[in-house]
Amino acid sequence: MMSVGRAATAVCCAVLVLALILNPQQRVQEFAAPSITSLPLGSGVESSDEPAVLGEASIQGGRQNADSGIWAASENGAFPLIGLKGSYYRQMTISVSIPSSQLTEVGSVEEFTTEPSLSDASIISSNCVNAGETIYAVTGMESTFLAAQSSGRQCLFQRVSFNGKALTQSETLADTLQLKGHIQSMTLSGKGTVQGESAEALFDTLVNNSVYESSGALSTDSVLTITTDSGLSAQMLVRDDRLSACGIWSCPEFFEAFDKNAD
């Protein structure tokens, strides 16, 4: 025979179930917390107001901008890169064949990792170049370009921001874009191209007037492509009067000068 206590409990449960059926507004709804994830350079949640700046993390949910220009696209939350003792270089999509006479060996990959943000910043690491592979700097442009074998071909890598890290010590934009004296042309999406001596003068305006803002990156599909007399090209992402590659830089003077000289 059921005890008085058990009978009372059964009655209460039946009343609760009936109440939930009759009043669905009382049902409890669960909401998942937002997911936090690392985002690559040049990707992020778009904003219709201020330019989006990426730090080490951002909330998922907005429409993602996947345009990366001549930089290799991201995979598994990070773009293909080489970490060279605290400085980072992003793989580029352009095919290159650089003579050995123009390359300087800087070491070999000590760690291959699928989580480059967790790798020791004091070593040479990569998520696309195998451990033991030799890393080279492009002579005369050492702080801008590296070259290495990746997936069976020679690939070029450009200096960029990564995981909240950009400049080291007293570096300037001219240090991360070590291209002075080699500028052949500069092309800005939707604006045109500046060539020859005018392009070299425009580059001087860029590196001499840019003001460093942060170690982040801009979310945008507009790019500035800088082509050198050796055939190698570097790029910066552009939004309003700001540019980013290795850090975010503000330079209204550059855009004013570009508009006056563009074809």
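1. Which residues line the second largest pocket? They are Glu75, Asn76, Ala78, Phe79, Pro80, Phe112, Thr114, Glu115, Asn127 and Cys128. A pocket is an open set of points on a 1 Å grid over the protein atoms alone, where a 1.4 Å probe fits, with protein on both sides within 12 Å along at least five of seven lines; lining residues have an atom within 4 Å of a point.

2. This is a predicted model: local features need pLDDT of at least 70, side-chain atom pairs count only at pLDDT 80 or more, and totals for chains, interfaces and linings use all residues. Residues are numbered from 1 along each chain as its sequence is written, and side-chain values use heavy atoms, leaving out hydrogens and water.

3. The second largest pocket holds about 190 Å³ of space. Its lining has five nonpolar, three polar and two charged residues.

4. Helix H3 (residues 196–209) packs with helix H4 (residues 252–261) at an angle of about 165°, their axes 9 Å apart. H3 is therefore roughly antiparallel to H4 (angles over 145 degrees count as such). Helices are DSSP runs (H or I) of at least four residues.

5. Ser198, Leu202, Thr205, Leu206 and Asn209 in H3 meet Glu253, Phe254, Ala257, Phe258 and Asn261 in H4, where contact means heavy atoms within 4.5 Å. By class, this contact has five nonpolar, four polar and one charged residues.

Definitions and conventions. Axes fitted to C-alpha atoms, helices over the stretch in contact; angles between N-to-C directions. Helix = DSSP H or I, 4+ residues; strand = E, 2+ residues; numbered from the N terminus. Parallel < 35°, antiparallel > 145°, perpendicular 65-115°, else oblique. Nonpolar A, V, L, I, M, F, W, Y, C, P; charged D, E, K, R; others polar. Points joined across faces, edges and corners; volume = space filled by probe spheres on them.
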